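Please have the sequence and the model at hand.

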Amino acid sequence: MKLIELKKIAVITGTRAEFGLLRPLINKIKESDNFKLQLVATAMHLSPEFGYTAREIEKDYTINKKVECLISSDTAVGVTKSIGLAMIGFADALDDLKPDLIIVLGDRTEILAAATAAMVANIPIAHIHGGETTEGAYDESIRHAITKMSYFHFASTEEYRQRII
């Protein structure tokens, strides 16, 4: 009997709100006979300041990697340092997990770091909620950068799909 290696899909989550949106997809991957779920928790999930929500995730799922990255500062310097820490953490996490695909949602700084590390490692990226707009915030540029790095795009509306195109 020939063993078939399952395709490894790493889903990256940094916030409670985004995890709620990803949960149905995570469940489908987990239940699949064709894919192996690799769950990566980062950012707010690992912060006592935000309730250490990784504990909630671990009630139902195995977290394969935890990427610490938050500096308790919302200054430009603090946010930039957090992105740098996330980039280092995701380089190691992706090297250890060796996923065939990563799935990210949105426009947060830790997701930018994950996407950048995956792009450099030549790991395809599936981006959910690209093409949307956030006026006056750097989230806009981050979302578009993630979209540019991504191979698969899952826009929430036709308008956003057209913007991606």
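The sections below describe salt bridges in this predicted model, along with the exposure of some of the residues involved.

## Count and network

The model holds ten salt bridges. One group is a network in which salt bridges link D107, E140 and R143.

## R23 and D60

R23 and D60 form a salt bridge, with 2.4 Å between the closest N and O atoms. The two residues are 37 positions apart and belong to distant parts of the chain: R23 is in helix α1 (residues 16–31), whereas D60 is in the loop between α2 (54–57) and β3 (65–67).

R23 has a relative accessibility of 28% and is therefore classed as partly exposed. D60 is also partly exposed, because its relative accessibility is 41%.

## D96 and K65

A salt bridge joins the side chains of D96 and K65, at 2.9 Å from N to O. Here too the pair connects distant parts of the chain, with D96 in helix α3 (residues 76–97) and K65 in strand β3, 31 residues apart.

D96 has a relative accessible area of 49%, so it counts as partly exposed; the cut-off for exposed is over 50%. K65, at 24% relative accessibility, is partly exposed as well; buried would require under 20%.

## E56 and K59

The side chains of E56 and K59 form a salt bridge with an N to O distance of 3.2 Å.

E56 is partly exposed because its relative accessible area is 44%. K59 reaches 60% relative accessibility and so counts as exposed.

Technical notes
Residues numbered from 1 in each chain as written. Predicted model: local features only at pLDDT ≥ 70, side-chain atom pairs only at ≥ 80, totals over all residues. Heavy atoms only, no water. Salt bridge = Lys/Arg side-chain N within 4 Å of Asp/Glu carboxyl O. Helix = DSSP H or I, 4+ residues; strand = E, 2+ residues; numbered from the N terminus. Buried < 20%, exposed > 50% of the residue type's maximum accessible area, 1.4 Å probe, protein only.
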